[in-house]
Amino acid sequence: INASSNISLVSWYVDGKLFKATNEFPFKVSWDPQIGKHTFKAVGKTIDGKEIMSEEVHFSVVDYKADF
């Protein structure tokens, strides 16, 4: 989502479940990946209540080292 001044909330979904929502700019999130196939999308809500959705992204995590 390209954030603009009329975005009041961004919610992130991982594998179809709400992962995090924030109303603090800059809107950002971090996630400790889990090995496997996943989907990710973001939903922005404007100050007038309109929802703007990103395309759903499909990806696979094949290896992850937390100290990397």
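Beyond its neighbours within four places in sequence, Thr 39 is in contact with Tyr 13, Val 14, Asp 15, Gly 16, Glu 56, Val 57, His 58 and Phe 59. Thr 39 belongs to strand 3 (residues 36-46). The model is predicted, with a mean pLDDT of 89 for the chain and 90% of residues at 70 or more.

**Burial of Thr 39**
- Thr 39 has a relative accessibility of 16% and therefore counts as buried, the cut-off being under 20%.

**Aromatic pairs**
- The structure contains 2 aromatic pairs.
- One of them joins Phe 25 and Phe 27 in an edge-to-face arrangement, 5.7 Å centre to centre with 90° between the planes.
- Within this pair, Phe 25 is exposed at a relative accessible area of 64%, whereas Phe 27 is buried at 17%.
- Trp 31 and Phe 59 have ring centres 6.0 Å apart and planes at 85°, so this pair is edge-to-face.
- Because Trp 31 lies in the loop between strand 2 and strand 3 and Phe 59 in strand 5 (residues 57-61), the pair ties together parts that are 28 residues apart in sequence.
- Trp 31 counts as partly exposed at 26% relative accessibility, and Phe 59 counts as partly exposed at 27%.

**Charge over a ring**
- The charged end of Lys 41 sits over the ring of Tyr 13, at 5.6 Å from the ring centre.
- Tyr 13 is also one of the residues in contact with Thr 39.

**Confidence**
- Confidence is lowest in strand 4 (residues 51-53), with a mean of 93, and highest in strand 2 (residues 17-22), at 96.
- Where pLDDT is low, predicted coordinates should not be read in detail.

Technical notes. Residues numbered from 1 in each chain as written. Predicted model: local features only at pLDDT ≥ 70, side-chain atom pairs only at ≥ 80, totals over all residues. Heavy atoms only, no water. pLDDT = per-residue confidence, 0-100. Helix = DSSP H or I, 4+ residues; strand = E, 2+ residues; numbered from the N terminus. Buried < 20%, exposed > 50% of the residue type's maximum accessible area, 1.4 Å probe, protein only. Contact = heavy atoms within 4.5 Å. Phe/Tyr/Trp six-rings, centres within 6.5 Å; stacked < 30°, edge-to-face > 60°. Lys NZ or Arg CZ within 6 Å of the ring centre and 35° of its normal.
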